[in-house]
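Work through the exercises below with the model in view. Try each task before you read its solution.

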Amino acid sequence: MTTTPIADYALLSDCHVAALTSREGSVDWMCLPRFDGPSVFARTLDERAGHWSIRPDGVRSTSRRYLDRSMVLEATLRTATGTVVLTEAMVVDRSVEGHDLGRDAPGLLVRSVRCTAGEVEVTSEFAPRPEYGLIRPLLAAVPGGLEVRGGPAVLTLSSLAAWDLDGSTARTRLRLREGEETSFALHHRTLEQAPPRIWSPAEIADALEGTVAAWRSWSGAHQAYEGPWEDLVYHSGRVLQALAYQPTGAIVAAPTTSLPEAVGGERNWDYRY
């Protein structure tokens with residue numbers, strides 16, 4: 001299992017799917033096409049069970065926050081040569097408001113890296129491992145990104161970067177200077193749905209902006225508490241909404257379904273059974 005404490009992970013959600021992203025910039029947990037589906041990233045369970053990392057070289061400090069009244073995560077990573085801001089979210093439709101937040105979600109995880117000072121080398125490693133690491137999928141370069149085939153979900157990774165393919169793992173290395181930005185989008189569909197597609201940088205930026213607007217709209221309609229710890233109360237409400245499965249309104253017991261307290265521990269359990 002990973003040595004990263006569970007407290008070092010942040011939650012991303014579109015009210016259908018949850019992704020856990022670490023302080024080191026790695027998505028180490030994501031199940032498709034629902035909270036309780038089979039995983040495509042599960043490094044929280046096994047180093048070989050899939051991850052997607054985006055990390056600058058030589059990080060000296062990291063600070064993270066959710067953008068105001070949203071579940072869009074922003075991490076500021078500082079190195080000896082510069083600073084980058086990593087913004088990431090599970091996309092929701094900005095046109096859907098109120099209790100319908102998450103309806104018609106496109107099944108899209110977006111990640112944007114912007115250099116805000118100096119010059120930074122950034123490395124990304126994309127290693128999808130469907131079915132809790134049992135499947136090593138086929139990766140193929142397509143115009144505008146990568147296509148992933150293997151397991152119950154079909155995936156595309158949108159990125160203008162040049163990827164080096166090594167079996168079921170893809171890597172890229174980028175040099176970003178102040179003011180420069182690059183973006184990524186992981187689109188998932190089931191075999192019964194229309195195929196996933198490649199998203200342009202402009203579409204990714206618009207999806208991020210729309211997701212912030214949608215969460216702020218939900219927060220404005222549902223959160224009116226005034227008093228002590230107001231920010232924490234509001235954020236707690238958004239987390240509960242993020243854990244609610246939109247088609248039914250039911251809240252999942254945990255975004256990780258059933259991670260053990262300890263390997264082989266007597267208190268391990270799985271709420272799905």
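Helices (H or I, at least four residues) and strands (E, at least two) are DSSP runs, numbered from the N terminus. The model is predicted: local features need pLDDT of at least 70, side-chain atom pairs count only at pLDDT 80 or more, and totals for chains, interfaces and linings use all residues. Residues are numbered from 1 along each chain as its sequence is written, and side-chain values use heavy atoms, without hydrogens and water.

**Exercise 1.** Count the helices and strands in the chain.

Solution. The chain has two helices and 15 strands.

**Exercise 2.** Compare the radius of gyration of the chain with that of a compact globule.

Solution. Step one: the radius is taken over C-alpha atoms, and the globule rule is 2.2 Å times the number of residues to the power 0.38. Step two: for 273 residues the rule gives a value near 19 Å. Step three: the chain has 18 Å, which agrees.

**Exercise 3.** Check the span of helix α2.

Solution. Helix α2 covers residues 230-242, 13 residues in total. The expected span is 1.5 Å times one less than the number of residues. That gives 18 Å, and the helix reaches 18 Å from its first C-alpha to its last.

**Exercise 4.** Which residues of α2 are buried, and what covers them?

Solution. Buried means under 20% relative accessible area (1.4 Å probe, protein chains only). Tyr234, Arg238, Gln241 and Ala242 qualify. Seen down the axis of α2, they fall within an arc of 100 degrees (directions from the helix axis to the C-beta atoms), so they line one face of the helix. Their cover includes β1 (9-13) and α1 (201-222).

How values were computed. Buried < 20%, exposed > 50% of the residue type's maximum accessible area, 1.4 Å probe, protein only. Contact = heavy atoms within 4.5 Å.
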